[in-house]
Amino acid sequence: MPKKPSHHGDLEKFMRGLKRRNPGQPEFYQAVHELMHDIFPFTHDHPSYAADAILERLTEPDRIIIFRVTWEDDQGKAHANRGWRVQFNNSIGPYKGGLRFHPSVNQSILKFLGFEQTFKNSLTGLPMGGAKGGSNFDPKGKSDREIMRFCQAFMSQLAHYIGEDTDVPAGDIGVGSREISYMFGQWKRLENRFAGVMTGKNLAFGGSLVRKEATGYGAVYFAEEMFTQIGGDIEGKTCVVSGSGNVALYCIEKLLHNQAKVVAASDSSGTVHDPDGITWEKFEFLQDLKENRRGRIREYAEKFGCQFVADANPWSIPCDIAFPCATQNELNGADAAQLVKNGVKAVVEGANMPCDPDAIAHFQENKILYAPGKASNAGGVSVSGLEQSQNSLRLSWSREEVDTRLRGIMHDIHKKCIAHGVEPDGSVNYVRGANIGGFIRVADAMLAQGLV
Ligand code: NDP
């Protein structure tokens with residue numbers, strides 16, 4: 001048995017301390033462990049990066065704001081939800097990160113997301129710090145007016161803590177253009193100012209072209225980079241996408257642009273399997289179903305006569321590339337084993353932390369191309385950063401200009417992963433590449449700024 005390197009024990013000690021200080025936060029431990037697994041050996045070789053308690057400071061959010069959100073439903077009944085904003089780290093720019101509205105939201109999930117966001121934003125090369133927020137409010141089944149009243153109540157609390165040079169929230173699960181618009185409207189009413197304080201805005205009032213598509217497109221651009229690296233491409237590849245929300249839809253659209261074949265999509269009620277592949281006509285139906293009618297994925301199977309499997313994820317369906325685009329820990333070790341058995345060549349995360357640690361280990365052991373979300377889903381926040389730039393300039397760039405910049409950013413992120421992730425056998429460990437590439441810039445800024 002080879003002897004574990006000395007930093008393994010240090011990492012376990014570090015994690016024990018983290019768990020003691022943050023009881024009951026499994027998602028946060030998972031995200032920290034995944035990063036520190038690569039950062040401990042790195043700081044061992046570069047001790048200046050372990051100075052000034054950098055790693056302890058990086059795992060302690062700058063602040064967490066928790067507030068009550070009181071709102072009234074259509075029957076005049078009052079409800080109280082909880083709202084959060086985790087302002088994790090602003091060493092390299094104003095806080096930036098989405099808001100999630102989902103009944104599962106809690107402090108552990110928002111801390112994991114804010115932590116990941118810090119390093120993802122660093123990888124983009126843009127001046128953005130890391131944050132995340134949201135509420136345990138469930139938007140499903142609510143009327144449009146109920147959504148509006150909730151968003152207004154949420155923003156009445158959050159408005160005290162955000163600003164175009166302080167913290168610029170965006171969307172995430174359950175928060176799309178409608179919710180951003182209601183929150184932005186309330187912020188404007190409270191502040192009597194018009195400023196780029198949120199991104200993902202409607203195009204009519206400061207939104208950016210390609211923002212809606214950016215995370216899904218960016219994931220496919222990243223997949224193209226990975227295949228180019230090994231002398232291949234994604235044309236003709238069979239793909240499975242989980243989810244059918246913002247990220248999944250535009251991942252599917254860009255795969256269609258690339259002549260790939262998408263045979264599955266899902267939502268929290270189950271999976272549709274369409275062996276003939278999603279065509280443009282079927283995509284338009286799915287987009288309208290999810291973006292406008294807010295319907296369930298079963299309707300796709302009913303309309304096009306293919307299979308719907310209730311309560312199932314899509315990972316047992318054979319494919320060349322898997323794009324998990326729904327939520328955290330949606331793909332476990334057993335799912336990974338099934339994908340590998342079925343011949344998967346690449347797994348590219350559109351969601352945040354969708355593959356659990358067993359799944360990641362399985363992909364890496366089997367030399368499957370595996371891209372972690374902090375690299376491959378950074379397209380969304382990148383175009384959010386470009387939306388901020390356009391708002392500051394009081395200009396709107398063309399679709400081509402934004403898309404070209406997005407492609408360039410995904411290319412540069414891929415380059416950073418290569419710079420820090422190449423293995424002795426020439427293969428690329430994208431997890432290590434993204435972790436070290438993201439860490440260095442944040443740590444450099446913190447070291448330069450002193451003990452703050
Ligand atoms: P949406 O709310 O638009 O879509 C989420 C999709 O995932 C829906 O199809 C939803 O199904 C499904 N889903 C959500 N929770 C679960 C669950 N517990 N089990 C199974 N399916 C689930 O969110 P986004 O597309 O914006 O976000 C998806 C992921 O991508 C998240 O991890 C998010 O953090 C990440 N991400 C998003 C970015 C963005 O720009 N939007 C940027 C970077 C990352 P249903 O409708 O039935 O709930």
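User: How far is an oxygen atom of the ligand from an N or O atom in the side chain of Lys140?

Analyst: Please note that this is a predicted model. A polar contact is a pair of N or O atoms within 3.5 Å. Here, the separation between a ligand oxygen and an N or O atom of the Lys140 side chain is 2.9 Å. Two further pairs can be read in this way: a polar side-chain atom of Arg211 lies 3.0 Å from a ligand oxygen, and a polar backbone atom of Gly174 is 3.0 Å from an oxygen atom of the ligand.

User: What percentage of the area that the ligand exposes when taken alone does the protein bury?

Analyst: The protein buries 81% of the 890 Å² that the ligand exposes when taken alone. Helix 7 (211–229), helix 8 (246–257) and strand 7 (261–267) each give two or more residues to the shell around the ligand.

User: Which residues are the closest among those that surround the ligand?

Analyst: The ligand is surrounded by 25 residues, of which Asp172, Thr215, Ser268, Arg296 and Asn352 are the closest.

User: Which residue forms a salt bridge with Asp74, and what parts does the pair tie together?

Analyst: Side chains of opposite charge can pair when their charged atoms come close. Asp74 forms a salt bridge with Arg149, with 2.6 Å between the closest N and O atoms. Asp74 belongs to the loop between strand 1 (63–72) and strand 2 (78–89), and Arg149 to helix 5 (residues 144–158), so the pair ties together parts 75 residues apart in sequence. The count of salt bridges comes to 22.

User: Which residues form a positive surface patch?

Analyst: Lys13, Arg16, Arg20 and Arg21 form such a patch. Arg16 lies in helix 1, which spans residues 6–21.

Technical notes
Residues are numbered from 1 along each chain as its sequence is written. This is a predicted model: local features need pLDDT of at least 70, side-chain atom pairs count only at pLDDT 80 or more; totals for chains, interfaces and linings use all residues. Side-chain values use heavy atoms; hydrogens and water are left out. Patches are made of residues with over 30% relative accessible area and no salt bridge: like charges are joined within 9 Å, nonpolar side chains (Val, Leu, Ile, Met, Phe, Trp, Tyr) within 5 Å. Accessible areas come from the Shrake-Rupley method with a 1.4 Å probe; for residues, only the protein chains shown count as cover. A salt bridge is a side-chain nitrogen of Lys or Arg within 4 Å of a carboxyl oxygen of Asp or Glu. Lys and Arg count as positive and Asp and Glu as negative; His and the chain ends are not counted. The place of a charge is taken as NZ of Lys, CZ of Arg, CG of Asp or CD of Glu. Helices (H or I, at least four residues) and strands (E, at least two) are DSSP runs, numbered from the N terminus. A residue is near a molecule or strand if one of its heavy atoms lies within 4 Å of it. A polar contact is a pair of N or O atoms within 3.5 Å; within protein, one must be able to donate a hydrogen and the other to accept it, and residues adjacent in sequence count only if both atoms are side-chain atoms.
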